[in-house]
Amino acid sequence: MKTEGLARQQVLREMMDLAMGRANDAVKLAYLDQDGLGQIDGLDLRCLTEFKRSSNGAVEVKLTDRVAVLEKLLEQQKAEEDGLGAFLEAMDRPAAPEGMCSQR
């Protein structure tokens, strides 16, 4: 159960990195020539979703949709708040008499 929470936090952190990440290295990639290909491993390309270079040298770069990622993060935050609210409501309910199940 603890690892699920950890994995979830890692996913949320990665989503935040995508939403707030910089595109500098994607631009550097567009300008690399054959001699600079060894630099690719050192570039942070997490926000890069598509890269095309045509035979005439034109480059097309597509990046992560930041708005979509932020919307998903907000949905997760709202779900957490709703879950916390339900938990707190349940804690405020009077306890059932001993030997009886609580009614919902």
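Is E75 buried, partly exposed or exposed? I looked up its relative accessibility and found 46%, so E75 counts as partly exposed. The cut-offs I applied are under 20% relative accessible area for buried, over 50% for exposed, and partly exposed in between, with a 1.4 Å probe and protein chains only.

**Basis.** I worked from a predicted model, in which local features need pLDDT of at least 70 and side-chain atom pairs count only at pLDDT 80 or more, while totals for chains, interfaces and linings use all residues. Residues are numbered from 1 along each chain as its sequence is written, and side-chain values use heavy atoms, with hydrogens and water left out.

**Entry on E75 and K72.** I found a salt bridge between the side chains of E75 and K72, at 3.9 Å from N to O. A salt bridge here is a side-chain nitrogen of Lys or Arg within 4 Å of a carboxyl oxygen of Asp or Glu. The two residues are separated by about one helical turn because they stand three residues apart in helix α3. Helices (H or I, at least four residues) and strands (E, at least two) are DSSP runs, numbered from the N terminus. K72 is partly exposed, at 47% relative accessibility.

Within it, R46 pairs with D44, and their closest N and O atoms are 3.0 Å apart. R46 is partly exposed, with a relative accessible area of 45%, and D44 is partly exposed at 34%. I also recorded a salt bridge between the side chains of D17 and R46, at 3.4 Å from N to O. This pair links distant parts of the chain, with D17 in helix α1 and R46 in the loop between α2 and β1 (48-53), 29 residues apart. A search of the whole structure gave me eight salt bridges.

**Entry on D25.** I located D25 in helix α2, which covers residues 24-31. With a relative accessible area of 15%, D25 is buried. Leaving aside neighbours within four places in sequence, D25 is in contact (heavy atoms within 4.5 Å) with G42, L43, D44 and L45.

**Entry on E80.** I placed E80 in helix α3, residues 66-92. Its relative accessible area is 38%, so E80 is partly exposed. Apart from neighbours within four places in sequence, E80 is in contact with R8 and L12.

**Entry on M20.** I found M20 in helix α1, residues 2-20. M20 is exposed, with a relative accessible area of 53%.
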